[in-house]
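The sequence and structure come first.

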Amino acid sequence: MALSASDLTPEYRWNPDLKPAGQYIDAAGRIVSRATIRAALDETIKNAASEIKALAEALKAGNITLIEWELAMREQLKLLHLATAALEKGGWTQLTQADFGRVGGILKREYGYLKNFANDIASGKQKLDGSFTRRADLYNEAARNTYYRFAEDGLRALGFDEERNILGQADHCDGCVEETDKGWVGIGELVPIGERQCNRNCQCSMEYRNSKTKEIVQL
């Protein structure tokens, strides 16, 4: 069964008036920590990964055709990227037409990668083995980059002008170590999460700072 939108985002309410950039609150009106939201992002991606893995296994077993697999993958990617964008923006109702358009641009690129993937399968260049499963797994992690793109733009609009990388609990690629060693730099100067040597498997997080007020937000 495909995941629905309600499965992918937590049931918190968004309060845009909470500083510095709006925050989620729970049913009791308590502020939901940024760490909890980051965990929700990880869970969102994990849930989508389960569906993508199931689709991969169905194709390998011959239970669905290549065309059916590609169409189902497209639907999962659409839902996942919209969900991660919504998570950062404060919920589905906070997404604007411009936001949908931006996600559409991201999806156009992802669909292109997916088409190449399907063509490789059709030609036999991509075998339905372990490398196929690993390659399919990369698609859900791409949504992490969508989350940070939306976050960066929103914080920039609020006056945040600096960023730094925070290493996660994982084996770190040289690129993540190099970006971390740079410390605070102008927002947008670091190589984005998901575009380093570790590609879409990056477990780093980001901190953003307003150089005037010294406010810091970690995502």
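The largest nonpolar core has 26 residues, and Leu87, Tyr147, Tyr148, Tyr208 and Leu219 touch the most other members. α2 (34–60), α5 and β5 (205–209) each supply at least two residues of this core. Another core, of 22 residues, lies apart from it and includes Ile52, Leu95, Leu114 and Phe117. A nonpolar core is a set of buried Ala, Val, Leu, Ile, Met, Phe, Trp, Tyr and Cys residues joined through side-chain atoms within 4.5 Å. Buried means under 20% relative accessible area (1.4 Å probe, protein chains only). Helices (H or I, at least four residues) and strands (E, at least two) are DSSP runs, numbered from the N terminus.

This is a predicted model: local features need pLDDT of at least 70, side-chain atom pairs count only at pLDDT 80 or more, and totals for chains, interfaces and linings use all residues. Residues are numbered from 1 along each chain as its sequence is written, and side-chain values use heavy atoms, without hydrogens or water.

Tyr148 touches Cys204, among others. The whole structure holds zero disulfides (cysteine sulfur pairs within 2.5 Å). Two cysteines illustrate this.

| Cysteine | Relative accessible area | Closest cysteine sulfur |
|---|---|---|
| Cys173 | 13% | Cys198, 3.6 Å |
| Cys204 | 2% | Cys176, 3.6 Å |

Gln126 sits in the loop between α4 (97–123) and α5 (130–157). Gln126 counts as buried because its relative accessibility is 9%. Beyond four places in sequence, its contacts (heavy atoms within 4.5 Å) include Phe117, Asp120 and Arg135.

Notes. Buried < 20%, exposed > 50% of the residue type's maximum accessible area, 1.4 Å probe, protein only.
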